[in-house]
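Please look over the sequence and the model shown here before reading on. The paragraphs below go from the overall layout to single residues.

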Amino acid sequence: MNKQIDEKAVMDIVKYPILTDKTTQMLEDNKYSFTVKIKAKKSEIKQAIEKLFDVKVEKINTLIMKPKKKRIGKHIGYKSKYKKAIVKLHNQYQINLFLDN
């Protein structure tokens with residue numbers, strides 16, 4: 001049941017990190033937030049994060065964020081829904097999301 005995923009699939013599953021005030025506070029607890037493909041399972045997300053960043057994942061929480069209304073002048077549109085994954089790493093591992101110059 002634990003099938004391996006290839007390199008291209010890894011890049012398709014994890015889209016980008018979510019960087020907000022709340023998620024940067026979560027970095028202190030070694031928790032990282034990512035936007036992932038909506039159909040991705042927790043096991044696939046775990047494999048993708050471990051391959052992409054060379055870390056060991058302890059726990060994953062996922063949720064689907066509902067679409068939000070956005071106004072631009074008199075026009076009303078919607079931001080599309082997306083799946084958010086909150087990944088907790090083992091204590092000895094860390095992901096550097098901010099590039100040092």
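The model is predicted, so local features need pLDDT of at least 70 and side-chain atom pairs count only at pLDDT 80 or more, while totals for chains, interfaces and linings use all residues. Residues are numbered from 1 along each chain as its sequence is written, and side-chain values use heavy atoms, with hydrogens and water left out.

The protein has 3 helices and 6 strands. Here helices (H or I, at least four residues) and strands (E, at least two) are DSSP runs, numbered from the N terminus. In that direction the elements follow the order α-β-α-β-α-β-β-β-β. The C-alpha trace spans about 50 × 35 × 25 Å along its principal axes.

Of the 101 residues in the protein, 28% are buried. Buried means under 20% relative accessible area, exposed over 50%, and partly exposed in between, with a 1.4 Å probe and protein chains only. The accessible surface of the protein is about 7900 Å², and carbon and sulfur atoms hold 50% of this. These areas come from the Shrake-Rupley method with a 1.4 Å probe, and for residues only the protein chains shown count as cover. As for charge, there are 24 positive and 11 negative side chains, with the centres of the two sets 14 Å apart. Lys and Arg count as positive and Asp and Glu as negative, whereas His and the chain ends are not counted. The place of a charge is taken as NZ of Lys, CZ of Arg, CG of Asp or CD of Glu.

Contact means heavy atoms within 4.5 Å. Among contacts between residues at least 6 apart in sequence, 60% join residues at least 24 apart.

Which residues touch the most other members of the largest nonpolar core? In this set of 18 residues they are Ile13, Phe34, Ile45, Ile49, Val87 and Leu89. At least two residues of the core come from each of α1 (7-13), β2, α3, β3 and β6 (82-89). A nonpolar core is a set of buried Ala, Val, Leu, Ile, Met, Phe, Trp, Tyr and Cys residues joined through side-chain atoms within 4.5 Å.

Helix α3 has 12 residues, which at 1.5 Å a residue should span 16 Å; the end C-alpha atoms are 16 Å apart, which agrees. The expected span is 1.5 Å times one less than the number of residues. Buried in α3 are Ile45, Gln47, Ala48 and Ile49. An α-helix has 3.6 residues a turn, so residues three or four places apart point the same way. The cover over the buried residues of α3 includes α1, β1 (14-17), β2, β3 and β6. Beyond its neighbours within four places in sequence, Ile49 is in contact with Val14, Phe34, Asp54, Val55, Val57 and Val87.

The segment before α1 holds Ile5, which is buried at a relative accessible area of 10%. Ile5 and Ala48 are 43 residues apart in sequence, yet 7.7 Å apart in space, C-alpha to C-alpha. With neighbours within four places set aside, the contacts of Ile5 are Val10, Ile13, Glu44, Gln47, Ala48 and Lys51.

Most residues other than glycine have a negative phi. Asp54 is in the loop between α3 (42-53) and β3 and is exposed, with a relative accessible area of 64%. Asn30 has a positive phi of about 65° although it is not a glycine. Asn30 sits in the loop between α2 and β2 (31-36) and is buried, at 10%.

Thr23, in helix α2 (residues 21-26), is buried, with a relative accessible area of 6%. Leaving out neighbours within four places in sequence, Thr23 is in contact with Ile18, Lys31 and Ser33. Asn61 belongs to strand β3 (residues 57-65) and is partly exposed, at 36%. Its contacts, apart from neighbours within four places in sequence, are Lys42, Lys84, Ala85 and Ile86. Asn61 and Lys84 are 23 residues apart in sequence and 8.3 Å apart in space, C-alpha to C-alpha.
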